[in-house]
Amino acid sequence: MPISELIRSFFVTSGPGGVVVVFVIVIAATIYYLLTRWILAGGGEEQDSDRFN
Amino acid sequence: MVRQRTFHPENVHEESILAPIYKISSKDLLLWSGLLIILGVGAYAYFQQLISGLGVTGMNRPIYWGVYITNFVFFIGLAHSGTFISAILRLAGAEWRKPLTRAAEAITLFSLPFAVASIVADMGRPELVLNMVIYGRFQSPLIWDITAVSLYMFSSVVFFYLSLLPDIALIRDRITGIPKWQHRMYEILSLGWQGRSQQYHRLEKVLDWMAIFMTMLVVTVHTVVSWVFGMTIQPGWHTALIGPFFLLGAIYSGTAAVVIVLAILRRVYQMEEALPIDLFNSLRKLLIVFSLGWIYMMIAEFLTIFYGNIPEEMEVFWQKFTGDFSVIFWGMTILVFIIPLFILIVKGKNNIRWMVIAGVLINIGMWLERYVVIVPTETRPRLLYELAQGVYRPTWVEWAITLALFAGMILLYAIFTRFFPIIPLWETAESLEEDEQKVATRRQRIFGQRIQSRIKKEHDHANQ
């Protein structure tokens, strides 16, 4: 199958649109999860209990 | 394991901001019960629709979109308030926005599920939603819609939750005398937040990044929603202006909704000091600008159609100006533009009551605007405008479901304000402190050099 036909079929066939929706949400979820972990880990390695005294 | 001591920035208004969390009054229960009854009636109406099909609504060929889709566009519009106030004003460096952010973001958060519910109600059979995922194809603007709205809803939840984290931790550590389950809920939701300076640094950074992304999303979402109409060749819809027109209207009604919500919170929870009149005056200026922008779009849109004089377009045009929809059309123009602009300019300054009246009128008008964009075109579709003309009268089922959607949104909002601080404590802490020198020293210790130099720069700039 020529590449142009493959690309065309991606846009005109039913199905790929739904895959992209799911893909976008999963990517976003992964990024947000990693960002949240990164925020919470901030300063963890240099904990100083007297910092605010 | 020894638990680390958690730091919380100090806020002089902490007591008044946290006061609503301590008790659920009988008035709350009364309000919640009333809203639940409306929700119950809506659920019954939806059940009727589910059993008998969409025949119980006023929709019929050629009118497939009525009140439900009007609600959908309206809720999406309301949802833009949070992103506008929080993300766009954050990027613009508007410091006055800080006390408003959470109240505005909560509108976003609680509007979007009901926007999605409106679509499900319009589909008749809810399981058909899955077809969008299973058989989704790029040629359909609906798939762009699903992608954009889902991502927007998801990102809004994360944006909202992250900015809430330090305050949940504060409630976890400071509030006593609440039920055990409630305390446990705060423990789980705070994700072990300890208020370390690095955590605040990173949180600020992530919120800045997300603000950029959310700003792009907010434009995308409402543009894509408008393209569901604009990508057809129906008269009144097929115009390049429809995207920006929808977007501007959305931000306008969303900002008006923020005014209403803030005024209610200010009065009910006695937050006069935490929500000063200056905030309302700033929102008033924004609303004046948006109202002028909105009328500009209206004139540009209808003048182009009028001079184009295309028969199919003119059929819908005259329906709005002098025909079946003229009362709604002119009523909408008066409610969205004429009266609010007069109120905002002449009466609104330093007067919250007048601003709330303007906000309510704007929102009623914007709902009518969505209706008058959608329905007249369907009653006179391009191919049938001479042969067949549709008639649409919404039935009690549609009105009951509509009321239930609004009741659901208000209910979620009301419950939220009883469990979480509606004014961000940590974000407003810096600007609400009394002793500047004390605060400056503490800021440097807590937020580090980067934030401190930014604050100093802003201070110098203000003094010039």
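Start by selecting Q270(B), which sits in the loop between α9 (242-268) and α10 (277-308) of chain B. Helices here are DSSP runs of H or I with at least four residues, while strands are E runs of at least two, and both are numbered from the N terminus. Phi of Q270(B) is near 50°, a positive value in a residue other than glycine. Q270(B) counts as exposed because 12 other C-beta atoms lie within 10 Å. The cut-offs are 20 or more other C-beta atoms within 10 Å for buried, 12 or fewer for exposed, and anything in between for partly exposed, with C-beta atoms placed from the backbone.

A word on what you are viewing: this is a predicted model, where local features need pLDDT of at least 70 and side-chain atom pairs count only at pLDDT 80 or more, while totals for chains, interfaces and linings use all residues. Residues are numbered from 1 along each chain as its sequence is written, and chains are lettered from A and ligands numbered from 1 in the order in which they are written.

Next, pick L191(B), in the loop between α7 (180-189) and α8 of chain B. Its phi is near 55°, also a positive value in a residue other than glycine. L191(B) is partly exposed, as 15 C-beta neighbours lie inside 10 Å.

For another loop, go to P62(B), between α2 and α3 of chain B. The peptide bond leading from R61(B) to P62(B) is cis, with omega near 0°.

Now select helix α1 (residues 14-22) of chain B, where E14(B), I17(B) and P20(B) are buried. These buried residues fall within an arc of 140° seen down the axis of α1(B), so they line one face of the helix; the arc is that of the directions from the helix axis to the C-beta atoms. Turn to the other side of α1(B) and you will find E15(B) and Y22(B), which are exposed.

Time to look inside. Show I76(B), I107(B), V221(B) and V258(B): of the 118 residues in the largest nonpolar core, these touch the most other members. Such a core is a set of buried Ala, Val, Leu, Ile, Met, Phe, Trp, Tyr and Cys residues joined through C-beta atoms within 7 Å. Helix α3 (residues 67-91) of chain B supplies the largest share of this core, 14 residues.

A87(B) is buried, with 28 C-beta neighbours inside 10 Å. Leaving aside neighbours within four places in sequence, A87(B) is in contact with A211(B), M214(B) and T215(B); contact means C-beta atoms, placed from the backbone, within 7 Å.

Finally, bring in chain A, which has 2 helices and 0 strands. Of its 53 residues, 8% count as buried. Where the chains meet, the contact takes 31 residues from chain B and 25 residues from chain A. On the chain B side, α5 (129-134), α6 (141-174) and α8 (197-230) are the elements that give two or more residues. Highlight α6(B), which gives the most, with 9 residues. That side of chain B has 16 nonpolar, 11 polar and 4 charged residues, where Ala, Val, Leu, Ile, Met, Phe, Trp, Tyr, Cys and Pro count as nonpolar, Asp, Glu, Lys and Arg as charged, and the others, Gly among them, as polar.

Terms used
Two residues are in contact if their C-beta atoms, placed from the backbone, lie within 7 Å.
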